[in-house]
Amino acid sequence: MNVHDSERISGLLIDAGYTQALADSQPDLVVFNTCAVRENADNKLYGNLSFLAPRKKSDPNFQIAVGGCMAQKDQDAIIKRAPYVDVVFGTHNIGSLPILLERARIEEASQVEIKESLEHFPSTLPVKRDSAFSAWVSVSVGCNNTCTFCIVPQLRGIEKDRSMDEIMKEVRALVDQGVIEITLLGQNVNAYGVDFGDRQAFAKLLRECGKVDGLERVRFMSPHPRDFTDDVIDAMAQTKNVMPHLHMPLQSGSDQILQAMRRSYRRDRYLGIIQKVKSAIPNAAITTDIIVGFPGETDHDFEQTIDLV
Ligand code: SF4
């Protein structure tokens, strides 16, 4: 999601008249699109900012902006620790970046704008994609779950779904531009539809993608076992361009740890889905995410994860 947001930030800036700096040149603007998932994100950000401080001191026209999840989390604290930062913008207002940069330049003062919720779906913003053949397409942002290890719901808000029409329009436009592979993107991608009350919306979306001529590969990430319904398995098996690949986070093979994580499924449910996927799509590649050393995890819990794998 962050990588895709970065593509949107680049697209917005190019639309506003900026050009990409060459590898060896001195840029006029540096934008940090931060992530708050890892513990050392703070250290990394402030280390990078202090590296740029001397340049900022010697060249007042040089601008620094900080966006993403760290900005959403720390807000004014960033300006307190690094007062030379020009703009701090949150996860819900990427679209304001060019205006905030302009305002910082005119007022010669740092600008902080953090919105509590999304106003425009980020996919309506311009985008500069890194690949000409493969593209991310957001179907939703935010998440309604409360996994104890995850900061996403606090920083990205509750789930907001795009309309299927809008998604398919973007998919078709991408294919017209030569894209052959798309990855449908959502924090909890298969919960798509919860916003407008359609439990089968994600399966329908996969089938719609199957009708687009020229679209050779469709992928999605990341689904949640709780929301994984049989109609998604059928849609995967029956839609030719949906790749036989399921990346579904397990997190732990121990029911006690899953409960402590507030993951609302148990190992049997996870294994049941995998079995159904394997019988419907015998060549399916299955990949996963696992957290080891979760607080309170015993050797027995760990063995349970190994056993499940
Ligand atoms: S489902 Fe995913 S995004 Fe949502 S809270 Fe859990 S880990 Fe975070």
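**Sheet, domains and ligand shell**

In this predicted model, an open sheet is built from 4 strands in the order β1-β2-β3-β4, with parallel pairing.

Trainee: Which strands stand at the edges of the sheet?
Mentor: The sheet is open and its strands follow the order β1-β2-β3-β4. A strand at the edge has a single partner strand, so one side of it is left without a neighbour in the sheet, and this applies to β1 (29-34) and β4 (111-113).

Trainee: In β4, which residue is the bridge partner of valine 87?
Mentor: Strand β3, which covers residues 87-89, pairs with β4 in the parallel sense over 3 bridges. The partner of valine 87 in β4 is glutamine 111.

Trainee: Which strands does helix α5 touch where it packs on the sheet?
Mentor: Helix α1 (residues 2-15) packs on the sheet and touches β1 and β2 (63-68), with its direction at about 155° to that of β1. Helix α5 (residues 97-107) also packs on the sheet, and its direction makes about 155° with that of β3. The strands touched by α5 are β1, β2, β3 and β4.

Trainee: How many residues of domain 2 are in contact with domain 1?
Mentor: The domain assignment of the chain gives domain 1 as 2-113 and domain 2 as 131-308, and their C-alpha centres lie 31 Å apart. On the side of domain 1 that touches domain 2, the largest share, 3 residues, comes from helix α3 (residues 69-74), and that side divides into 3 nonpolar, 4 polar and 1 charged residues. In the contact between the domains, 8 residues of domain 1 meet residues of domain 2 numbering 7.

Trainee: How many charged residues take part in the contact of α8 with α9?
Mentor: The contact is made by Phe202, Ala203, Leu206 and Arg207 of α8, together with Asp231, Val232, Asp234, Ala235 and Met236 of α9. By class, these residues comprise 6 nonpolar and no polar ones, and the number of charged residues is 3.

Trainee: How many polar residues does the shell around the ligand have?
Mentor: The residues surrounding the ligand are Cys143, Asn145, Cys147, Cys150, Val152, Pro153, Gln187, Asn188 and His224. The shell holds 5 nonpolar and no charged residues, and the number of polar residues is 4.

Key:
Residues are numbered from 1 along each chain as its sequence is written. This is a predicted model: local features need pLDDT of at least 70, side-chain atom pairs count only at pLDDT 80 or more; totals for chains, interfaces and linings use all residues. A residue is near a molecule or strand if its C-beta atom, placed from the backbone, lies within 6 Å of it. Ala, Val, Leu, Ile, Met, Phe, Trp, Tyr, Cys and Pro count as nonpolar, Asp, Glu, Lys and Arg as charged, and the others, Gly among them, as polar. Two residues are in contact if their C-beta atoms, placed from the backbone, lie within 7 Å. Helices (H or I, at least four residues) and strands (E, at least two) are DSSP runs, numbered from the N terminus. Domain bounds come from an automatic or database domain assignment. Two strands pair if DSSP finds at least two bridges between them. Axes are lines fitted to C-alpha atoms, for helices over the stretch in contact, and angles run from 0 to 180 degrees between N-to-C directions.
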